[in-house]
Every structure is written in C-alpha cells, then in structure tokens.
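The sequence and model come first.

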Amino acid sequence: MAKLLGDQAERKATKPAGARSRPALSPPPFQPVQLATLVDTVPTGDRWLHEMKYDGYRLLVAVGSKEARAYTRSGLDWSEKFEGIVAEAAKLNLRSALLDGEAVVMDEHGRSSFQDLQGALKGAPASIDYIAFDLLELDGEDLTRLPLTDRKARLREILPEGSHRIRYSEHIEGNGEKLLHKFCDAGLEGVISKKADGRYIGSRSGGWLKTKCIKRQEFVVVGWTPSDKSRGFRSLILGIHDGGELRYAGKVGTGFSMDEIERLMETMLPLGQAASTVKAPRAEVRGAHWLQPKLVAEIAYTEMTKEGTLRHPSYLGLRADKKAEAVVLEVEQSVTELAAPAVSRVKISNTDRVIFPESSITKGQLADHYAAVAPIMLPWLGSRPISLVRCPQGRAKKCFFQKHDAGSFGDDVKHVGILEKDGHEEPYLFVDTADGLMTCVQMGTIEFHGWGARIEDVEKADRLVFDLDPDEGLDFENVRTAAFHFRDILKSIGLETFPMITGGKGVHVVAPLVPQAEWPEVKDFAHRLARAVAQSDPQNFTAALPKAQRKGRIFVDYLRNQRGATAVMPYAVRARPEAPVAAPITWKEMETIDAPNHFHVGDAVELVKRAASKALKGWGRADQTLPDL
C-alpha cells in the first residue's frame with residue numbers, strides 16, 4: 001500500500017503508546033458508521049485525502065479493559081467471527097478506543113479480495129487482517145468532532161509498529177485521479193476520498209466519496225436456474241430494490257467454485273417458494289426455482305443495460321452483514337456537486353409562507369432549522385424507514401402522514417422495499433443525506449417519525465421506546481416523576497436509558513439496543529413491562545388502550561415497539577403551536593427542565609452545541625440487549 005501511495009504515505013517512525021497509569025475503561029459501544037457516496041470521478045484539490053478502497057467487511061473495533069469487540073456496519077457483534085483481530089486489538093496498550101476500519105485478506109501484491117475473505121472466514125481466520133482508517137474515541141474522549149487529519153494522526157500514534165494483524169490505512173493529499181489510475185492498473189478496487197477537515201458523521205454525509213475501478217454492488221438472490229450437468233445450478237437470478245420495488249436485475253453464472261456451488265445449494269434449498277418475487281422475461285428464467293428474497297450476493301459487472309440488467313456479471317460471495325431489504329440500486333453521482341461545501345443543494349421555495357400561524361414562523365425558518373441540525377439529526381434518522389407529517393399549506397391546514405412514495409420526491413429521498421403481512425412489497429421512505437432531509441422539507445414536511453430499526457435489518461429493533469403519555473389535567477411534574485420511575489425500573493434490569501422530550505405532552509424513555517432481538521420478542525417484552533408497571537402502581541399508570549381507562553393516569557405506550565410502528569425522531573419539529581422541537585436530554589436536565597416543549601424552531605444553534613456536550617455522550621450507546629423479565 002505505501003509503495004502504491006508514494007512518498008506522501010511514508011510512515012514516520014513512532015513509538016507505541018507508553019504504559020498508562022489511569023484506570024482502564026470498558027470497550028466503547030457501537031456507533032453508526034460514516035458511509036461513502038459513489039461518484040463518477042475522484043474529487044480534486046488538497047482538501048481531500050485519498051485512501052485505498054479495501055475489499056472486505058467494514059468493522060468497528062472497540063477496545064477497553066484488556067478486551068475488545070468487533071461490530072459490523074449495522075451494529076451486529078461479530079467478535080467470534082473475527083476472534084483473531086479481536087484478540088490482537090485487546091493487546092493494544094490503551095485505556096479505551098473505538099477504531100473504524102476494514103477486515104481484509106491481502107495477497108503478496110497488497111490486493112484485498114472479498115472472495116478470499118469469505119474463504120478465510122470458513123477455514124483460515126488467521127489470515128484475516130484489520131486495516132484501521134479512523135479513530136472515533138480514545139481513552140474516553142470523543143474524537144468525532146475533530147478534523148479527519150487530527151483523528152488519523154492520533155490513530156497512527158496508537159497502532160504498534162510492525163503489526164501485520166492491525167495496520168494503519170495510509171493516504172495521500174490531492175492527486176486522487178492519478179492514484180485511481182495507479183490502483184486500477186494494479187487490479188485494486190478503487191479510491192475512497194475524504195474531506196481532510198471533515199468530522200465523523202454516522203451517516204452518508206457527502207464528506208466521504210468512493211470511486212470504483214470495477215462496478216460492483218450487492219444484489220438479492222431471488223432464484224436459480226438448474227444445470228444440465230452434474231453441478232447444482234447454472235446461474236443465480238438476481239434482484240435489486242429500485243424505486244421501492246424489487247425488480248429483475250439479470251443472472252450470474254460465473255465466479256463459483258464447486259465447493260461454493262454446494263454451499264449455496266444447501267443454503268438456498270430451505271428458502272424455496274413457488275412464486276417469483278420479480279417480473280422477469282420468461283425465456284431467461286425458464287425452469288427457475290424461486291427463493292424467498294433473503295440472500296444477498298456481492299456481484300462484479302461491467303455495466304448495466306438500458307433494461308436494468310447486468311452485463312458480464314461475476315459472483316464474488318454472499319454477504320451476511322447486510323439484509324436483503326437494505327439492498328438498493330447504487331447510482332454514481334456527480335462529484336462536482338457532492339464535493340462542494342457541505343451545504344444542501346436543495347432549493348427551498350416559498351420561504352415566506354407562514355407555516356405556524358400563531359408564531360408567524362415561515363417555511364424558510366423551518367428549513368433553516370433542519371439545515372442547521374442535519375449533522376446531529378442524520379445519525380438518528382438516516383437509513384431508517386420513516387413516516388413524514390406533511391403540511392404543505394401550514395400546520396393549521398390539512399396535514400397527513402406519508403410513508404410510501406412513487407418517486408415524486410426525486411433521487412435524494414430513497415426507498416427500501418419492505419414485505420407487508422400479505423407478502424407483497426411496499427416502498428418505504430428513508431433518507432441518509434442532508435439533501436434528502438431538505439427535499440422532504442421542500443415538499444411540506446414538518447415532522448419526521450422513524451422505525452425502531454434501520455434498513456440494514458428491519459426485523460431487528462435497535463431501540464426500546466416507552467412513550468409516557470399523560471391524561472388531560474396532569475401536569476409535567478407527573479410526567480417527570482413517571483420518567484424517573486421508568487428509568488429506575490429499566491436500570492434495575494440492566495438497561496441504561498435517556499429521556500427525550502417530545503415537543504408534545506409527554507416524554508420518551510429510550511433504551512438503545514444491539515439489533516439482535518426480533519419484533520415479536522421486543523413487543524412482548526415492552527408489553528409485559530408496561531403491564532407490570534401499571535399493576536404495581538395503578539393509581540398513576542395504565543397500559544390499557546381504551547382512552548376511557550386512562551383518566552387521571554399516565555398511559556405507558558408500549559406500541560412503539562412493534563414492526564412498522566414509528567416514534568418522533570430527535571431534533572424533529574412538531575406540527576404544534578409555537579413549533580416545538582423533540583430533543584434528547586440528560587437525566588440531570590430532566591430534574592429541572594420546564595416542559596416537554598422546551599425547545600423550538602430558532603434554538604438550532606443551542607441544540608447543535610448541546611449535542612457536542614460531554615454530558616450527553618452515550619445517547620447512542622448500543623452495547624445492551626433485551627434482558628429476561
């Protein structure tokens with residue numbers, strides 16, 4: 001790698017971090033990862049750092065107390081799969097650290113191969129290395145707000161010299177196009193370009209861009225065609241989510257070893273079904289065996305035809321770190337637009353239109369709020385199925401919920417196909433960029449509500465939300481007392497929480513989770529806990545759904561914790577008088593805050609500053625699972 005990067009990447013001799021006398025810290029929890037946007041060419045100028053694009057599994061490695069954990073990009077704990085990397089990371093002489101990087105298998109020429117990595121996971125884990133390219137936390141200090149150059153400098157200092165298992169990702173400044181040509185000539189995958197002064201944002205912010213030598217991405221395996229020879233199948237039938245629908249993307253019949261064919265047949269047989277989930281030309285899929293759309297395959301190809309099918313596809317391997325629902329068509333964007341300063345390109349029309357008549361707040365002021373909070377809101381909202389509350393003529397006029405779209409929002413608002421109860425698929429909305437967020441605002445959106453799961457796996461919850469909803473006549477002191485009561489109950493069974501004032505009447509008590517438990521288990525847990533609290537204190541709480549049974553009490557709304565249910569997202573404006581804003585707070589602040597609508601449009605600067613506060617560190621912790629009740 002250093003040879004390919006040239007002189008700028010020559011590593012300076014550094015000493016491993018010395019012994020530290022301060023107490024050790026626990027391994028930091030998972031954080032949402034920053035994602036790169038596919039672009040048509042490498043950005044120019046010295047404000048960009050360029051790194052090799054590795055061909056492996058994205059991993060966050062958390063170190064602390066002489067132990068370590070490894071998390072996938074969706075938050076799954078894969079420490080056992082990468083036990084060699086985890087064991088090596090645990091030896092780092094650190095109080096605590098959270099590294100971002102890629103698990104890879106490298107050949108003698110410095111090339112990484114996803115197929116080799118797949119093979120190593122099955123039988124040769126000792127050959128898997130970890131290339132670290134970012135440092136999010138060190139010794140309890142949050143580094144995500146520091147410039148990338150500062151984070152990488154501190155990362156280089158803590159990695160030991162001569163380690164082959166955990167290595168530093170070299171980079172160069174500028175000359176990215178030349179580097180891409182050099183990498184492509186060497187048979188490498190491509191270049192990742194990152195803003196040198198950019199902070200780490202756990203979403204697809206536009207600060208990281210990727211340029212590929214060979215086109216490749218994930219596709220859903222929807223079936224297979226039989227072989228007329230001894231091997232198990234001739235080709236896999238592929239699908240891709242495009243515009244919220246799973247459509248036919250062609251077939252792949254090369255890139256398989258005999259062992260892989262046998263393994264795939266064993267994996268596919270239990271997933272068989274009678275009907276196809278995609279519309280495909282009959283001649284191309286004659287005799288096909290159809291599958292439930294659950295398997296995800298990495299495919300290399302030369303181009304996509306006008307009909308949307310692949311030319312010269314080649315199979316690289318199955319991806320267990322990504323669910324089929326999250327597989328969407330990735331389209332190259334213009335680097336000229338994305339490399340511009342980090343300001344949304346979306347033009348807001350009718351900025352003088354009054355949206356909140358009682359306070360004369362305009363559409364322009366609403367848009368200014370969302371533009372300002374986008375960096376702190378997207379890590380919560382991004383890549384999560386959402387429902388919008390749209391009020392095109394203002395909150396006092398007709399408003400409506402929207403969770404599906406036929407394409408009227410444009411390319412910046414994405415779609416993920418999700419199976420409904422009757423087996424058909426619907427296109428749910430999601431955003432992962434400031435442009436997507438602002439497009440929704442331009443289309444009259446005031447409120448953003450999100451699922452309790454991300455698109456990487458919509459069947460597994462990454463949070464518990466208890467909405468404490470007071471009956472008419474109860475004041476905020478009742479809600480405050482109830483919130484602390486709930487905090488103590490959840491803490492007693494091992495769940496750390498934070499409160500969020502909703503901008504409405506109540507408070508949400510939120511427990512972030514590792515996305516491990518599926519919705520039936522999560523709903524059952526929330527329901528049983530809500531009923532137990534109501535039975536233990538029936539004078540103050542109820543879990544009864546009929547409003548007539550809630551008189552004078554606080555309703556413990558546990559229904560946010562089921563498939564398809566949504567809750568208002570942090571920093572979202574509410575379509576209520578005076579434009580209140582939902583906001584996470586600390587339990588210390590909960591002792592004295594005056595109302596659940598404490599923040600309003602106009603408080604964006606304060607909200608952004610608060611998000612950087614050390615006291616608020618840990619809101620997004622995701623190292624806990626559902627306990628037994």
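## Basis

The model is predicted: local features need pLDDT of at least 70, side-chain atom pairs count only at pLDDT 80 or more, and totals for chains, interfaces and linings use all residues. Residues are numbered from 1 along each chain as its sequence is written, and side-chain values use heavy atoms, with hydrogens and water left out.

## Domains

Bounds taken from an automatic or database domain assignment divide the chain into domain 1 (35–203), domain 2 (216–326), domain 3 (336–451) and domain 4 (463–563 + 574–612).

## Contact between domain 3 and domain 4

The centres of domain 3 and domain 4, taken over C-alpha atoms, are separated by 24 Å. Domain 3 brings 21 residues to the contact and domain 4 brings 16 residues, where contact means heavy atoms within 4.5 Å. Between them about 1600 Å² is buried, with carbon and sulfur atoms giving 67%; buried area is the accessible area (1.4 Å probe) that two parts lose on being put together, summed over both. His369, Ile376 and Trp451 supply 30% of what domain 3 buries against domain 4, more than any other three residues.

One salt bridge is counted between the two domains, a salt bridge being a side-chain nitrogen of Lys or Arg within 4 Å of a carboxyl oxygen of Asp or Glu. The side chains of Arg574 and Glu447 meet in a salt bridge at 3.3 Å, N to O. On the side of domain 3 that touches domain 4, the elements giving two or more residues are helix 8 (363–381), strand 24 (414–419) and strand 26 (445–451); helices (H or I, at least four residues) and strands (E, at least two) are DSSP runs, numbered from the N terminus. Helix 8 gives the largest share, seven residues.

## Salt bridges in the chain

The total comes to 45 salt bridges. In one of them, Arg216 pairs with Asp55, with the closest N and O atoms 2.7 Å apart. Arg216 lies in strand 12 (residues 215–225) and Asp55 in the loop between strand 2 (48–52) and strand 3 (57–64), so the pair ties together parts 161 residues apart in sequence. Arg216 is buried at 8% relative accessibility, and Asp55 is buried at 9%; buried means under 20% relative accessible area, exposed over 50%, partly exposed in between (1.4 Å probe, protein chains only).

Lys122 and Glu260 form another salt bridge, their closest N and O atoms being 3.0 Å apart. This pair links helix 3 (residues 114–123) to helix 6 (residues 258–268), 138 residues apart. Lys122 is partly exposed at 49%, whereas Glu260 is buried at 8%.
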